[in-house]
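Keep the viewer open as you read.

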2 protein chains.
Amino acid sequence: MSEVTRKGQAAKLASYSLVGKTTADKNKALRKIAKQLLEDQNHLIQENKKDLEQGKQAGLSDGILDRILLNDKRIEDMADAIQLLVDLDDPISETLETIRKENGLLIEKKRVPIGVIGMIYEARPNVTIDAATLSLKTGNAVILRGSSSAIYSNQALVETIHRALENTAIPVEAVQLIEDTNRETAKELFTLNQYLDVLIPRGGKNLIDTVVRESTVPVLETGAGNCHIYIDESADTNMAERVVINGKTQRPSVCNAIETILIHKKWFECHGRELLDVLHKNQVEIYGDEMICNSSSLAKQATEEDWYREYLGLSVSIKVSDSVEEAIGHINKYGTKHSEAIITNNQENATMFLTNVDAAAVYHNASTRFTDGFEFGYGAEIGISTQKLHARGPMGLNALTSSKFFIYGQGQVRE
Amino acid sequence: MSEVTRKGQAAKLASYSLVGKTTADKNKALRKIAKQLLEDQNHLIQENKKDLEQGKQAGLSDGILDRILLNDKRIEDMADAIQLLVDLDDPISETLETIRKENGLLIEKKRVPIGVIGMIYEARPNVTIDAATLSLKTGNAVILRGSSSAIYSNQALVETIHRALENTAIPVEAVQLIEDTNRETAKELFTLNQYLDVLIPRGGKNLIDTVVRESTVPVLETGAGNCHIYIDESADTNMAERVVINGKTQRPSVCNAIETILIHKKWFECHGRELLDVLHKNQVEIYGDEMICNSSSLAKQATEEDWYREYLGLSVSIKVSDSVEEAIGHINKYGTKHSEAIITNNQENATMFLTNVDAAAVYHNASTRFTDGFEFGYGAEIGISTQKLHARGPMGLNALTSSKFFIYGQGQVRE
């Protein structure tokens, strides 16, 4: 039996025993994980160093090495995040619907765990702790499949979790790490329908696309954000500049950062050069349409591909539009259905934009950077869903739950 | 451009224009469809005859021919069902969450249409009307891919829908029928992610399994029901018999019918023969374990495969269990996570069963036949989901909706 099948089977069995656990049982286990992380701090940092050294030898970029890095601060942050998770309401057993039938049947729809969650992710070892603790809080077992670049860290973190779970009500089998990081083990997870209830990819576009394309297990798609901001004819100049600069430069590597700016022609004629100057001053590289390139010698000509691009850095595509309708059409064609904003003082145009743009989050006069589980007050975030089924936008604990109908009778049969 | 791509593109465009339609607009169009169905009644029956003749020549069974059949009664029932749909609340635009942030941002999570729904189905032409009208009520465009056995009926029905939609606010492009029923067009739909937001298979296990396995478009899995009834030690004898006979014989061809009976050993020792007799009297063929076969010369030995079987007819598998835990283990191993019942007077065992059996609907002292959108009071049913994401159990109109965050600001940026 392969590692994946064996661990899948063990996780499934563990998931059955998690169904009936109380909030107190789950929180006690979570607190133990937080405590154990701090106790194992030195060992974790030592194991993490092996990943960093291996990464340096393999020529990984500083950006990726930073994602792999564990230090005292980061481990303490993990422990703090678990404490916040303990304080969140347990969604399991919430009654979602109550139906009473004339024949006396009582039907209750309640929240239940999903079962076994598969998490496929790259680099960041903090996802190991995140995924495991969010899964346990919601009564799910989890199968973790991180990347080879963080394997020492992930192994050490899962050992810490297992040590913590010993002598708690939560079985250690509820958290499984796939230690063989060969591509084949990821592929095995894609079709492990027998034991896996959902697969969540966390990482770059390639990883996500592969999982969506090859997986027969239902997928929660997260991630890619080619977010737009549309500056309408009546937009306030200062507000437009402030929101553009925030959306583009405050943290350009994240999925809710702005990647394309669309500008109404009339606004551009009055304020366009000023906006381009501000972008230049903020070191933002510009890929523009003809009108943009004619207005700025620093702008490069955008290709068709650039309208699809998620730069995740200090670059932006800019296009001049004739109308809000044209901007909506552009976004629905090139966007990734993540977060889209309009800056306007025209209420009618705002409503048209918010209604017709097809995205998880649509903004009127605010930065797209707010699309985030913590900003929305969920207290936790599994990721940001860009699909339309099950969950859309920032996913809190509820996204890791399913529902079940409990029906109570006195011998009723159907006529 | 292939038929599937062309119609997919047209449906996607139509779906954008459906987003802003009012409830009144949608209901007016639905009423027109109901009216047109009655006006076109003779033509529809005439076209349906072509399918029936073709089917007879191809040697289709009486059961399948009956599924294909349209007559006055069935067409009038379709029109009546549309009238009931008109009367249902429109789920679109319902506010699901309201979040007010300290910085003045107002975040509203609202119900929106999913976009474009793909429906792949077999035989029954009534699914054509069902799928189209449920989709329109929820603001979705739909792509219908029926089978060749009902192609004349489906073409005539979609022509009726198109005639009805002319001169309404709903574009005729919102309802697309794939007329080429070659296997390849189904396959094209499986990967039409660009235009399709969800794919719903309605039909036999083979169809559903193929769609789940090959589709990269998210799937709403419906259908297969290997439903169990477990008769516990303390079960009331009359109630157990009544519920078993109802679950097995009232309508054996449907997914919520009973396929396996599990019986506690002690109950079986006292009442087993009587139950087997009642089943025999009701023409139910029995596949049993050793203990069953020893008690009845009419029972056949069940094979390992029989525990997985959905007979959809007057046959049943029966097994004697030592405990409720053993019954739960059997169901979680062989079940399809549809509907499962326990008959018991022991509250503790009932709670254990309901909590630990992994299924969309779990019953204490009632027949599994109640798992149905109409029985649950939803007024409509898309199907019964046996998956855990998005929707589980009977799916009403809400299952055809997604959500979207609308965020209203005054220039807020993230610090």
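In strand S13 of chain B, the residue standing opposite Glu340(B) is Val362(B). Strand S12 (residues 339-343) of chain B and strand S13 (residues 361-366) of chain B run parallel, joined by four bridges. Here strands are DSSP E runs of at least two residues and helices are H or I runs of at least four, numbered from the N terminus; two strands pair if DSSP finds at least two bridges between them. This is a predicted model, in which local features need pLDDT of at least 70 and side-chain atom pairs count only at pLDDT 80 or more, while totals for chains, interfaces and linings use all residues. Residues are numbered from 1 along each chain as its sequence is written, chains are lettered from A and ligands numbered from 1 in the order in which they are written, and side-chain values use heavy atoms, leaving out hydrogens and water.

These strands belong to an open sheet of 10 strands with mixed pairing, in the order S1(A)-S2(A)-S16(A)-S13(B)-S12(B)-S7(B)-S8(B)-S11(B)-S9(B)-S10(B). S1 of chain A and strand S10 (300-301) of chain B stand at the edges, each with a single partner strand, so one side of each is left without a neighbour in the sheet. Helix H10 (residues 237-249) of chain B packs on the sheet, touching strand S16 (401-412) of chain A as well as strands S7 (227-231), S8 (258-264), S11 (315-321), S12 and S13 of chain B. The direction of H10(B) makes about 125° with that of S16(A). Contact means heavy atoms within 4.5 Å; axes are lines fitted to C-alpha atoms, for helices over the stretch in contact, and angles run from 0 to 180 degrees between N-to-C directions.

## The hairpins

In chain A, strand S1 (residues 95-100) and strand S2 (residues 106-113) pair in the antiparallel sense over five bridges. Arg100(A) stands opposite Leu106(A) in S2(A). The hairpin has five residues between the strands, and Gly104(A) takes a positive phi near 95°.

Chain B has a hairpin too, formed by S1(B) and S2(B) with five residues between them. Its strands run antiparallel and are joined by five bridges, with Thr98(B) opposite Glu108(B) in S2(B). In the turn, Gly104(B) has a positive phi of about 95°.

## The parallel sheet of chain A

Chain A also contains an open sheet of four strands, ordered S5-S4-S3-S6, with parallel pairing. Strand S5 (175-177) and strand S6 (198-202) of chain A stand at the edges, each with a single partner strand, so one side of each is left without a neighbour in the sheet. Neighbouring strands of this sheet are turned by 20° against each other on average, direction ignored.

Strand S3 (residues 116-121) of chain A pairs with S6(A) in the parallel sense over five bridges, and Tyr121(A) has Arg202(A) as its bridge partner in S6(A). Helix H8 (residues 183-190) of chain A packs on the sheet, touching S3, strand S4 (141-145) and S6 of chain A, and its direction makes about 145° with that of S4(A). Helix H9 (residues 205-214) of chain A lies across S3 and S6 of chain A, at about 160° to S6(A).

## Helix packing

How do the axes of helix H2 (residues 23-39) and helix H5 (residues 72-87) of chain A cross, and within what distance do they come? They cross at roughly 170° and come within 9 Å. That makes H2(A) roughly antiparallel to H5(A) (angles over 145 degrees count as roughly antiparallel, under 35 as roughly parallel, 65 to 115 as roughly perpendicular and the rest as oblique). The residues in contact include Leu30(A) and Ile33(A) of H2(A) and Ile75(A) and Ile82(A) of H5(A).

In chain B, the axes of helix H2 (residues 23-39) and helix H6 (residues 126-137) come within 9 Å and cross at roughly 160°. H2(B) is therefore roughly antiparallel to H6(B). Among the residues making this contact are Leu37(B) of H2(B) and Ile129(B) of H6(B).
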